[in-house]
Amino acid sequence: MPSILFAGTIAFVLIKAVRKNKQREKNALRPVLTVRARVKSRRLIIRPNNITALGVATDTLEGKVVFESEDGEELEFRLIGKTYRDIFDGDEGMLTYQGSDFISFERNE
């Protein structure tokens, strides 16, 4: 029974890695786009008790931000840490992305 569980876990990890790699390859083939956009919404996700290399438990701050481009297209990106904290609902500016990868958001002054 433990060997079946172990094999299932390994298979799950491998499938996730392959999917992530395929998505990365797809994004690399897409052009880098910069569009005028507004932050439509943001959702905070806190992942507790990640153990660092030093054995210290930390929380990971992660968020999902939905941008709306001038033409009405909604673009959702997963952001972490300072990048997430620096973006607020209603912010307007220039969004740069490649496929499903967020590159930057420069808020209008």
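What follows describes a pocket, a charged patch and a salt bridge in a predicted model. Local features need pLDDT of at least 70 and side-chain atom pairs count only at pLDDT 80 or more, while totals for chains, interfaces and linings use all residues. Residues are numbered from 1 along each chain as its sequence is written, and side-chain values use heavy atoms, without hydrogens and water.

The largest pocket holds about 580 Å³ of space. A pocket is an open set of points on a 1 Å grid over the protein atoms alone, where a 1.4 Å probe fits, with protein on both sides within 12 Å along at least five of seven lines; lining residues have an atom within 4 Å of a point. Of its 16 lining residues, Lys-20, Gln-23, Arg-78, Ser-100 and Asp-101 are the closest to the centre. Helix α1 (residues 2-29) gives the most to this lining, with six residues.

Lys-20 also belongs to a positive surface patch with Lys-16, Arg-19, Lys-22 and Arg-24. Such patches take residues with over 30% relative accessible area and no salt bridge, joining like charges within 9 Å.

A salt bridge is a side-chain nitrogen of Lys or Arg within 4 Å of a carboxyl oxygen of Asp or Glu; the count is seven. In one of them, Lys-40 meets Glu-74 at 2.2 Å, N to O. Lys-40 lies in strand β1 and Glu-74 in strand β3, so the pair ties together parts 34 residues apart in sequence.

Definitions and conventions: Patch = residues over 30% accessible without salt bridge, like charges linked within 9 Å, V, L, I, M, F, W, Y side chains within 5 Å. Areas by Shrake-Rupley, 256 points an atom, 1.4 Å probe, with all protein chains shown as cover. Lys, Arg positive; Asp, Glu negative; His and termini not counted. Charge placed at Lys NZ, Arg CZ, Asp CG, Glu CD. Helix = DSSP H or I, 4+ residues; strand = E, 2+ residues; numbered from the N terminus. Points joined across faces, edges and corners; volume = space filled by probe spheres on them.
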